[in-house]
Amino acid sequence: MPFCAQCGSPVGAGKFCSRCGARRPEAPGATPVPPASPSVQPLPAVMSVTNAPLARPATQGSNVLTKVLVGFLVFILLIVLAVMGSCVYIGYRAKKKADEIEQAYKSNDLNKLAGALGVGSSSGVSGSSRGSSPGTTGGNSGNTASSAAPLSFPAWTPSIGGNESGAKIPLRPGLTVVTAIAQFGGDYESMKQIQQLSASEVRLSYRADNVPNPLEGLQKLSGDAAPKSSGSISGQRTVRSQDLQTAHDYMQWFGPNQPEVMPGTTAISVSREVLAELKDKGETQFSFRTGGLKGMAGSLLGALGQMAGGGVPGTPKEAKGLANMGKDECTLKRTGNGLAAFPVLLNDQRVSLPAVHAQCATDDGLADFYFLDDLDNPLALAWKLGSSDTLQVVKISYPPQPAAAQAAGASAAQTGSGTGGGQQIEQELKQKGQAEVYGIYFDFASDKIKPESEPVLREIADALHHNPAWKLGVEGHTDNIGGDLYNLDLSQRRAEAVKLALVTRYRIAADHLTPQGFGATRPKEPNDTLAGRARNRRVELVRE
């Protein structure tokens, strides 16, 4: 019997249920299926109830994870925006500071430049009196209250007899040039040495230890606390051979921030063309780097310009302007037709070298230059940059050619070469009983011996090995910059350092050496010039 699909009641043969009135769905002749029993019905319901919660937590977990990821990304984005904003702000402040220094530099006002550099007011100092050097520290003492007058070059003119040395200074590896420098913060010495030489370039090194901070003297004048010395400066420079022939830009700045190769510039000399034009025409176009506080600011800004590509053609005008900060351009004119007799220690011998004197006018005053009269190696021997820096070469040394090593004795007699088995010092000790030694270099205000002193130490050791019965007094001498007691103590410590080096490195008997310091009590030359002070800082050996 068929049943109603809606209420389950039995239906007859009619098309509608007699109880609920629902139409029969079955086709004629089809056998209807009875509805499921009530005991079976709960299972789908239970399954439906059980399955629903299982699907819902999965959707909610996915939504939570998405929200976490979005929040994290937003947080990272905020951090990036904050960092970018800080960088933009720092860049803005840096550019503003650079612009401030640049404007102060161009104004030629030292007070304004000092304020831009953050060293306070420079009361008592003006752009026309920057050459006054307060409390010059010198090569010996780092704390002195004495004031040194602005240094000027003496009248280096040829003597009546014309005693300029005819010795040429070869451009070869080992050539060492020692320059005494008087800046606003005090005296110090720099050493430049040729390291490598090829047909295409010359590679040289630069070193200056414990360089006085130029801001120190400035702050002493303004009453501010003075910073410490800026320490050692070293650098490398490679000069192209073509620039040694034709460049008119003299780049005398050295430092770790300066590029090693600077096309179109020279470093320790001018080019052949510059010297030739001075000799033939009497003038030449020339550029160099200014000194003093302006030079320091120009060096900082110039390094930024170089890093921005200011030295490369096609770079923006602003980058080129920064790269050229501190650069003075002028028409360099020869002074007189004759040659100056320039005094220098050449391989520890006092000689006079022929020099061409030239000058040019700058915003900072008159710039003085002396160049070696040698087209093959026109070394810059001295230059005074307006009212600021004064620089003078005081010592030049170079080794003999390797092929001439066997003839070192004759070479030493002709050129004063400080090599060749100790023969020069040995000969002086034999003939005169004493020898002045200038090739031992010490750190600023220190008894630490520089590595460049080894050839001379070896020379002294050779002389003692050749004459084992000799006993020598090792005397230390200083210039007069600094207090007497300080210089006396420093000279004693330096004499003892020389003895210690000879005993420990070259096995010289300790009882054959007697160190003694004399401070500034036995000067060889006046202390009112750079060269005089440099030559008074020496070691002397005396046979006992």
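Helices H10 (residues 454-466) and H11 (residues 484-506) pack at an angle of about 70°, with their axes 10 Å apart. That makes the two roughly perpendicular to each other, a label that covers angles from 65 to 115 degrees, with under 35 counted as roughly parallel, over 145 as roughly antiparallel and the rest as oblique. Keep in mind that this is a predicted model, where local features need pLDDT of at least 70, side-chain atom pairs count only at pLDDT 80 or more, and totals for chains, interfaces and linings use all residues. Numbering starts from 1 along each chain as its sequence is written, and side-chain values use heavy atoms, with hydrogens and water left out.

**The H10/H11 packing**
- The axes here are lines fitted to C-alpha atoms, for helices over the stretch in contact, and angles run from 0 to 180 degrees between N-to-C directions.
- On the H10 side, the contact (heavy atoms within 4.5 Å) is made by Glu-454, Leu-457, Arg-458, Ile-460, Ala-461 and His-465.
- H11 brings in Val-498, Ala-501, Leu-502, Arg-505 and Tyr-506.
- By type, the residues of this contact split into seven nonpolar, one polar and three charged; Ala, Val, Leu, Ile, Met, Phe, Trp, Tyr, Cys and Pro count as nonpolar, Asp, Glu, Lys and Arg as charged, and the others, Gly among them, as polar.

**Overall make-up**
- The protein has twelve helices and 17 strands, taken as DSSP runs (H or I, at least four residues, for helices; E, at least two, for strands) and numbered from the N terminus.
- Of its 544 residues, 46% count as buried, meaning under 20% relative accessible area, with exposed over 50% and partly exposed in between (1.4 Å probe, protein chains only).
- Among contacts with a separation of 6 or more, 63% come from residues 24 or more positions apart.

**Nonpolar cores**
- A nonpolar core is a set of buried Ala, Val, Leu, Ile, Met, Phe, Trp, Tyr and Cys residues joined through side-chain atoms within 4.5 Å.
- The largest one has 50 residues, and Ile-169, Phe-286, Phe-288, Phe-369 and Ile-396 touch the most other members.
- Apart from that core lies another, of 25 residues, including Ile-425, Leu-429, Val-437 and Ile-440.
- Not counting residues up to four places away in sequence, Phe-369 touches Phe-286, Phe-288, Leu-332 and Trp-383, among others.

- H9 (residues 423-432) buries Gln-424, Ile-425, Glu-426, Glu-428 and Leu-429.
- Covering those H9 residues are, among others, strands S10 (349-362), S14 (434-437) and S17 (538-543), along with H10 and S15.
- In H5 (residues 272-280), the buried residues are Val-274, Leu-275, Ala-276, Glu-277 and Leu-278.
- The cover over them includes strands S7 (283-289), S8 (327-334) and S11 (365-372), plus S10.
- H5 is followed by Gly-282, whose phi is positive, near 85°.

- His-477 lies in strand S15 (residues 472-477) and is buried, at 4% relative accessible area.
- Its side chain joins that of Glu-475 in a polar contact of 3.3 Å, a term for N or O atom pairs within 3.5 Å; within protein, one must be able to donate a hydrogen and the other to accept it, and residues adjacent in sequence count only if both atoms are side-chain atoms.
- Beyond its neighbours within four places in sequence, the contacts of His-477 include Ser-491, Phe-518, Asn-536 and Glu-540.
- Asn-527 sits in the loop between strand S16 (513-517) and helix H12 (530-536) and is buried, with a relative accessible area of 15%.
- The side chains of Asn-527 and Asn-536 make a polar contact of 2.9 Å.
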